[in-house]
Amino acid sequence: MRTPPYLVSTRTRTSTFGAIAAACLVVVAIVLPAFAGRGLIQDLFFIFTMLVLAQFWNLLAGYGGLVSVGQQAFVGFGAYMLFGSVILWGLNPIAALLLSGVGALLLAIPTAFFAFRLQGAYFAIGTWVVAEVARLVVAQWRSVGGGTGTSMPREAREVMWGVTWIQSVFDVRDSAARDILAYWLALALLVATIGGIYWLLRTKRGLALAAVRDNMEAAKSVGVDAARMKWMVFLIAAFGTGLAGGLIFLQNGRISPDSAFSVIDWTAFVIFIVVIGGIGTIEGPIIGVLVFFALQTLFADYGSWYLIALGGIGIVIMLFAPRGLWGLISDKSGIQLFPIRRRLSGGKLADRSKPSREE
Amino acid sequence: MTNPAEPILKLEGVSKSFGALTVTDDVSFAVPPGEALGIIGPNGAGKSTLFNLITGNLRPDSGSILFMGEDVTRVPPMQRCIAGVGRSFQIPQPFDKLTVFENLLVAATHGRPCSEGEAEQACAGILERTELIGSANVLAGSLSLLQRKRLELARAMATDPKLLLLDEIAGGLTEGECIALVDTIRALHREGVTIIWIEHVLHALNRVVERLLVLDFGKIIGLGEPEAIMASKDVQEIYLGIEV
């Protein structure tokens, strides 16, 4: 009897269902401003942008093995690129968003050049130092408000593309229309981020990335260009983080060095989201950001007790569910919404394959 | 084209020190294509260091390394792999969070020029040959020692090497486990793959290799036919610890 050929697939039953559900969710999210109040739109904007930051940090740390605590450098630099180009060159804020990404990308090149000489904890501290240096340098920049910061000029806000159209379609005031515009941009950035990372992880580069994370020397010995993989994820993450930073402060309307380069807001919270959700998975940060948002809504008024509670929850999850909440769910149910495992079937595996549990 | 008489690997005066400790001391030898060469020597003789120099994981302080006539002394490991140098590690170094199949697929999609479809089929074939096919979709981090050793060999095979460096691949295995592994290595050798094999399990080594190289304190103290080498006074004294 002839053995059947070998087949390789990544799709699972739940992932097909997941893809359909995700498409429906995106459609609902696009039309949501027609029904939802301004408060919900602002909450969702916060969730989307934090999730973008979390996905990029997860790409760095969970897939690239690059544990950075200096991602606020790219949030802040991206945001300042936006304010600088709007205030100094009179650029349309929406067009200036692209400069947020490009600016962060350019900052990432010298950052990587220095930080990649360091390993592990030293790398983490090195990225933090770069972020602090960027904060101190930007605080000297007088024309964007120096250490006290500045606001988005009124005329720049009024010329933002699409705002008048949104005002007439949804019959809302200009400030609410700007929130809707920012919300749509955040949604687009989120879909592009998750889609792009998922695509990357399914290519042979994604496989190489996982190999470098697991064992760099062995990866080099099987022909993987480890240095190039690290550069690639670091630059991609910086670009996306810079875009998110620009968008966050465009919606905020006000910027200062301390808020734009805040290690707590843009790195500590982001690490919390990834760690409690489940590092090294795309699903983890999604769960994590929802938990984080719920905690913040309920307890943010308690000040430092809130931060202590966040830290405590983080520690408990690391001890009892090191692969995060998604790890627990996935282990119990076998569900994978974004599967990247390449499963071999057919051939000599055909007679004994058991499709019951998904890895 | 490479000249058939030209050695596939040639080391000329290669030395490497870690601080004051010289681990590779002026080593020169050549391996003709298709040969199986065994390397023996006491622990700490510099055998694994010699491999790391050949694969590029370490750089020599002096001397040169030629692979297929090209000077690769300064070439990084991933390019040497693509050129045809495959290796296994003494302590297995699997990609823990990838499956066995994915471990091979990384090697096949990066270590050799071919399409992903070809790579997938090649990996499935290698998994059959190394008796790992049943564990194809298992995470490499959860494998037993024998399976890890097999995975080291299989992953090196997936890069489609012309020169295969095996570092103590039979160590720690039972007699029966060892025989199956040796058969796979012999089959590879028959297919024309040049093999350099570091091994303490001499009976396994002697079933495959045509020449033996003896290292002690980073120096070559013997190179030749296995019978002659094993019988030589120096080797018995230094390596086997027998007073003659």
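Chain B is divided into two domains: domain 1 comprises residues 1-84 together with 161-244, and domain 2 comprises residues 94-160. The structure considered here is a predicted model. Taken over C-alpha atoms, the centres of domain 1 and domain 2 of chain B are separated by 24 Å.

The two domains of chain B also touch each other: 12 residues of domain 1 are in contact with 14 residues of domain 2. On the side of domain 1 that touches domain 2, α2 (77-83) and α6 (175-190) of chain B each supply at least two residues. Of the elements on this side, α6(B) gives the most, with five residues. Sorted by class, this side of domain 1 of chain B has nine nonpolar, two polar and one charged residues.

We turn next to the contact between the chains. Chain A contributes 25 residues to this contact, and chain B contributes 32 residues. On the side of chain A that touches chain B, the elements giving two or more residues are β1 (6-9), α9 (204-214), α10 (216-221) and β4 (343-346) of chain A. The most is given by α9(A), with six residues. By class, this side of chain A has 11 nonpolar, four polar and 10 charged residues.

Finally, the confidence of the prediction deserves attention. The average pLDDT of chain A is 89, and 97% of its residues score at least 70. Over residues 353-359 of chain A, however, the pLDDT is below 50, and this stretch has seven contacts in the model beyond near neighbours in sequence. Where pLDDT is low, predicted coordinates should not be read in detail.

Methods: Residues numbered from 1 in each chain as written. Chains lettered and ligands numbered in written order. Predicted model: local features only at pLDDT ≥ 70, side-chain atom pairs only at ≥ 80, totals over all residues. Helix = DSSP H or I, 4+ residues; strand = E, 2+ residues; numbered from the N terminus. Nonpolar A, V, L, I, M, F, W, Y, C, P; charged D, E, K, R; others polar. pLDDT = per-residue confidence, 0-100. Domains from an automatic or database assignment.
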